[in-house]
Amino acid sequence: MCAFVILFGVAKLAELLDWSRLHRDVAAMLGHGSGAATGLLIAGKAAELLLTVLAVLSLIRRDDTLLRVVLAGWTADLALLSIVAAVYGDLGRLVEHGLSFAVFAGLLVATRVRGRRTGTEPVPDVSPHPVRVMAPHGTRADLPVPSPDVTRQDLPVRRPEVTRQDLPVRSPDLTRHDLPVRGPGTAPPEDQD
């Protein structure tokens, strides 16, 4: 499959050999000046070169993920070219780019399905590392059966901290209840100045 993508990319880049025709067609279809057509062609061919180089890297490294990235890039490129051809009413290019888009979209789905069947699809790591509990918090070790997955029950138990609302309330002025109790018939000493 990589070889097909590489050959497709080389064929698209080979269009540069007939630059004057390609430039004239783009300028006529878009109706813009020569400078805009040149800029769009350079940007498009640079993207196609990048996708072709990534396809070669995918073949060298035997990397299915990189191949899917390349296929997604070609699919997006061909979808954009199909839309431009449809907007400007170029039926021949619409059919060409539309069919190419369908082929690359199918290849993208096929690589995804093949990756899942053969097990080369990267599996996300769903088991997080165990939680390390540091003092002064305890854990919920009193549960009957520990679960292999870390859950909220495995996390440290937070002890409630004393807040201002938990402190006793003290009245700022003294009342009769705050004075010491004296024996019967004794009066508090008077101040003598």
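**The largest pocket**

Me: How much space lies in the largest pocket?

Reply: The largest pocket holds about 630 Å³ of space. That volume is the space filled by probe spheres set on the grid points, which are joined across faces, edges and corners. The model is a predicted one, in which local features need pLDDT of at least 70 and side-chain atom pairs count only at pLDDT 80 or more, while totals for chains, interfaces and linings use all residues. Residues are numbered from 1 along each chain as its sequence is written, and side-chain values use heavy atoms, with hydrogens and water left out.

Me: What makes a space a pocket and not a cavity?

Reply: On a 1 Å grid over the protein atoms alone, a cavity is a set of points where a 1.4 Å probe fits but cannot get out. A pocket is an open set with protein on both sides within 12 Å along at least five of seven lines. Lining residues have an atom within 4 Å of a point. The lining here numbers 23 residues, and Val26, Met29, Leu40, Leu41 and Leu81 lie nearest the centre of the pocket.

Me: Which helices supply the lining, and what makes a run of residues a helix?

Reply: Helix 2 (19–30), helix 3, helix 4 (64–87) and helix 5 (91–118) each give at least two lining residues. The largest share, seven residues, comes from helix 3. Helices (H or I, at least four residues) and strands (E, at least two) are DSSP runs, numbered from the N terminus. The protein has five helices and zero strands, and its pattern along the sequence is therefore written α-α-α-α-α.

Me: How many residues of each class are in the lining?

Reply: There are 12 nonpolar, two polar and nine charged residues.

**Salt bridges**

Me: Why is the contact of Lys45 with Glu15 called a salt bridge?

Reply: The term requires a side-chain nitrogen of Lys or Arg within 4 Å of a carboxyl oxygen of Asp or Glu. The closest N and O atoms of Lys45 and Glu15 are 2.8 Å apart, so the pair qualifies. Lys45 lies in helix 3 and Glu15 in the loop between helix 1 (2–14) and helix 2, so this bridge ties together parts that are 30 residues apart in sequence.

Me: What separates Glu48 from Lys45 in helix 3?

Reply: Glu48 and Lys45 are three residues apart in helix 3, which means that about one helical turn separates them. Their side chains form a salt bridge with an N to O distance of 3.0 Å. Glu48 is buried, as is Lys45.

Me: What does the pair Arg114 and Asp64 tie together?

Reply: The side chains of Arg114 and Asp64 meet in a salt bridge at 3.1 Å, N to O. Arg114 belongs to helix 5 and Asp64 to helix 4, so the pair ties together parts that are 50 residues apart in sequence. Arg114 is partly exposed at 37% relative accessibility, and Asp64 is partly exposed at 22%.

Me: How many salt bridges does this rule give?

Reply: The count comes to eight salt bridges. A network of salt bridges links Asp18, Arg21, Asp25, Asp90 and Arg93.

Me: Why is Ile60 called exposed?

Reply: Ile60, in helix 3 (residues 34–61), has 63% relative accessibility and therefore counts as exposed. Together with Leu49, Val53, Val56 and Leu57, Ile60 makes a nonpolar surface patch of about 410 Å². Patch residues have over 30% relative accessible area and no salt bridge; like charges are joined within 9 Å, and nonpolar side chains (Val, Leu, Ile, Met, Phe, Trp, Tyr) within 5 Å. Accessible areas come from the Shrake-Rupley method with a 1.4 Å probe, and for residues only the protein chains shown count as cover.

Me: Why is Thr75 called buried?

Reply: Thr75, in helix 4, has 10% relative accessibility and so counts as buried. Thr75 and Ala105 are 30 residues apart in sequence and 5.9 Å apart in space, C-alpha to C-alpha.

Key: Buried means under 20% relative accessible area, exposed over 50%, partly exposed in between (1.4 Å probe, protein chains only). Ala, Val, Leu, Ile, Met, Phe, Trp, Tyr, Cys and Pro count as nonpolar, Asp, Glu, Lys and Arg as charged, and the others, Gly among them, as polar.
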